[in-house]
Every structure is written in C-alpha cells, then in structure tokens.
Amino acid sequence: MLSYRHGFHAGNFADVLKHLVLLDSLHYLAKKDKAFCYVDTHAGAGDYALDDAFAQKNREYNSGIGKLWSLRDVPEAVAAYVNIIKAFNTEGKLKRYPGSPSIAQHVLRPYDRLCLFELHPAEIKALNQNTFKDKRVKRFHGDGLVESLPLLPPIERRGLVLIDPAYELKNDYRLVVDALTKMHQRFATGTYLLWYPVVERRRIEELERGLLKSGIRNIQLFELGLKADHPEQGMTASGMIAINPPWTLAAQMRQCLPWLAEVLAEGNEGFYRIETLVAE
Ligand SMILES: C[S@@+](CC[C@H](N)C(=O)[O-])C[C@H]1O[C@@H](n2cnc3c(N)ncnc32)[C@H](O)[C@@H]1O
C-alpha cells in the first residue's frame with residue numbers, strides 16, 4: 001500500500017538539493033543541439049499547490065524554497081533554480097511548487113522527450129491532468145524501476161534518468177541499486193540521478209557499498225544536511241548520487257552546498273558532502 005504523498009514535502013530542503021542538481025544537469029544536456037530523453041521513474045503529481053491541506057500540514061517548504069525565495073546575492077546555480085520556481089509563480093508570491101516533471105518540461109526543447117512513471121492512483125491522475133497537453137510527454141501508470149528498463153537506451157542515445165523513490169519500504173535501498181545496475185548495463189552513457197534521504201545513516205552506507213560493488217564508474221555524491229545524523233529525528237539530510245554527471249556539476253555544487261548548508265540549517269549544524277564515489 002502506497003501512503004507517501006509528495007504534496008506534504010514539496011519545496012522542502014530535500015527538494016531544493018534534488019531540483020538544483022536536476023536542473024543543472026538538464027541545462028547541461030540542453031546546451032547541445034541534439035535531442036535527449038528525460039526519464040522520471042517516480043514522477044509524483046508534477047505540480048503542487050502550497051496553500052492546500054497537504055503542504056499546509058507541516059509547511060515544509062518554509063525550510064527550503066521559502067528561505068531562498070527573496071534572497072539576493074545567491075550562487076549562480078541557486079539563482080537559476082529559484083528563477084524557475086518563480087516562473088511558476090507569476091504573481092510574485094510563492095504559491096506553487098513544480099515537481100521534477102514540470103521542471104524538466106520547462107527546460108526541455110520541442111524535440112526532446114519525457115517519459116514519466118508513477119504508481120500511486122491519485123498522483124498519476126494529477127500528473128495526467130498536469131501534463132496531458134504536452135505532446136513531448138508519455139506517462140506510465142506503473143513501477144518506474146522495472147517498467148522504464150525497456151525504454152533504455154532511448155532512441156536519441158542521450159538521456160537523463162531521475163530515480164526519486166520515497167523509500168517507504170526498507171527494500172527500496174537495495175532495489176534502486178539493482179535497477180541502476182540493470183539500467184546502466186543497457187545504457188552505459190546515460191546520466192543517472194538517484195535521490196536518497198538520510199534517516200538512518202547505515203542504510204546510505206549500504207547503498208554506497210552496493211554502488212561500489214556494481215562495477216559502475218564515474219559516480220559522484222552530493223549531500224546536504226540540516227542537522228547531524230540522528231536516528232530519531234526523521235530526515236536530517238538528503239543526497240543526490242550522480243552517475244555520468246555533467247563535468248561542470250561538481251564545481252557548481254562546490255559553490256552552492258556550503259552556502260545552502262549555512263542558509264537552510266538552523267544554528268551551526270548544517271553540513272554537506274561532495275565526493276567522488278567512483279572515478280571515471
Ligand atoms: C518523492 S516522490 C516523487 C517526487 C518527484 N520526483 C519530484 O521531484 O517532484 C515519490 C513518488 O514515487 C511514487 N512511487 C512509489 N513507488 C513507485 C514505483 N515503484 N514506481 C513509480 N512510482 C512510485 C510515489 O507515489 C510518489 O509519488
């Protein structure tokens with residue numbers, strides 16, 4: 001039974017890191033005048049109203065985009081990210097938060113394609129409503145980790161796969177490594193972005209060990225934490241693991257993550273990691 005709804009969390013500090021890395025990677029791919037395919041294995045609804053009951057429950061966006069919304073003098077990649085969120089809020093007030101599919105729709109060109117997977121019946125319905133007018137988009141109501149495999153490699157031979165599960169089941173930490181290994185066997189030159197939450201650090205250490213054992217090369221890790229690891233405080237940090245990232249991504253993150261750790265964390269507990277897990 002799926003109970004996770006991203007509307008509760010849209011725009012929080014984890015979305016900031018995730019969408020910052022995603023946006024930077026999409027912009028990089030879109031620099032070249034050759035089509036590419038964006039695959040989102042866990043797409044969610046695509047667009048979130050921040051004044052609805054979900055977002056208002058804990059107002060998590062206040063710990064993320066809400067803190068960045070009015071700041072000036074921000075690192076270049078953060079400014080690009082905030083500007084995209086502003087493009088969805090044309091009245092100048094933060095009322096909506098675009099999910100990963102909407103951010104990708106915004107960056108992709110008319111000749112690029114999006115393949116979006118979502119399992120939750122209510123979320124796929126919302127995703128359909130939010131994207132049906134866009135002819136570049138194909139939506140799939142199913143398990144994105146399994147059903148995206150036959151789409152790889154994409155006909156364009158250029159592509160980015162975002163894997164963004166909610167990790168409701170502990171098994172998910174293992175399943176993402178298995179899925180990435182299979183995807184990479186089919187499409188070794190693709191860019192892959194895997195999001196993870198730090199709730200129990202040992203699960204992330206296992207995930208990292210799994211990736212090291214997979215034989216996949218060129219893996220970088222970017223993590224942003226608001227508090228030191230604590231097993232009883234929920235998600236204290238989150239990260240993005242990037243396989244075949246744009247060569248410019250690490251430099252961008254070196255500018256953004258120290259700054260974000262200071263601006264988004266309360267007190268002095270913020271931290272970040274920028275690591276090469278496996279070299280090219
Ligand atoms: C973290 S949310 C996605 C947020 C979205 N990627 C974004 O950044 O805006 C995870 C989504 O995955 C969906 N989901 C869970 N298991 C799935 C699976 N096996 N395949 C596809 N979607 C799944 C959930 O219903 C939820 O909407």
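Strand 4 (113-118) and helix 7 (144-147) each contribute at least two residues to the shell around the ligand. Keep in mind that you're looking at a predicted model. In this model, 22 residues surround the ligand, and the closest are H42, G44, G99, S100 and H120.

Now let's turn to the core. The largest nonpolar core has 80 residues, and those with the most contacts inside it are L17, V21, I163, L180, L193, L194 and M240. Helix 1 (residues 13-31) gives the most to this core, with 10 residues.

L22 sits in helix 1, and it counts as buried because it has 25 C-beta neighbours inside 10 Å, where 20 or more is enough. L22 and S100 are 78 residues apart along the chain, yet their C-alpha atoms are separated by 7.9 Å. S100 is also among the residues closest to the ligand.

| Residue | In contact with |
|---|---|
| L17 | F222, L224, S238 and M240 |

Next comes helix 9 (residues 201-214).

Are I204, L207 and L211 of helix 9 buried or exposed? These three are buried. They cover an arc of only 55° around the axis, which means they lie on the same side of helix 9. Here's the background: an α-helix has 3.6 residues a turn, so residues three or four places apart point the same way. On the other side of helix 9, R202, E205, R209 and K213 are exposed.

What do the buried residues of helix 9 pack against? Their partners are helix 8 (172-186), strand 7 (191-198), strand 8 (219-225), strand 9 (237-243) and strand 10 (271-278). Just after helix 9 comes G215, which takes a positive phi of about 90°.

How values were computed
Residues numbered from 1 in each chain as written. Predicted model: local features only at pLDDT ≥ 70, side-chain atom pairs only at ≥ 80, totals over all residues. Buried ≥ 20, exposed ≤ 12 C-beta atoms within 10 Å, placed from the backbone. Helix = DSSP H or I, 4+ residues; strand = E, 2+ residues; numbered from the N terminus. Arc of directions from axis to C-beta. Contact = placed C-beta atoms within 7 Å. Near = placed C-beta within 6 Å. Core = buried A, V, L, I, M, F, W, Y, C linked by C-beta atoms within 7 Å.
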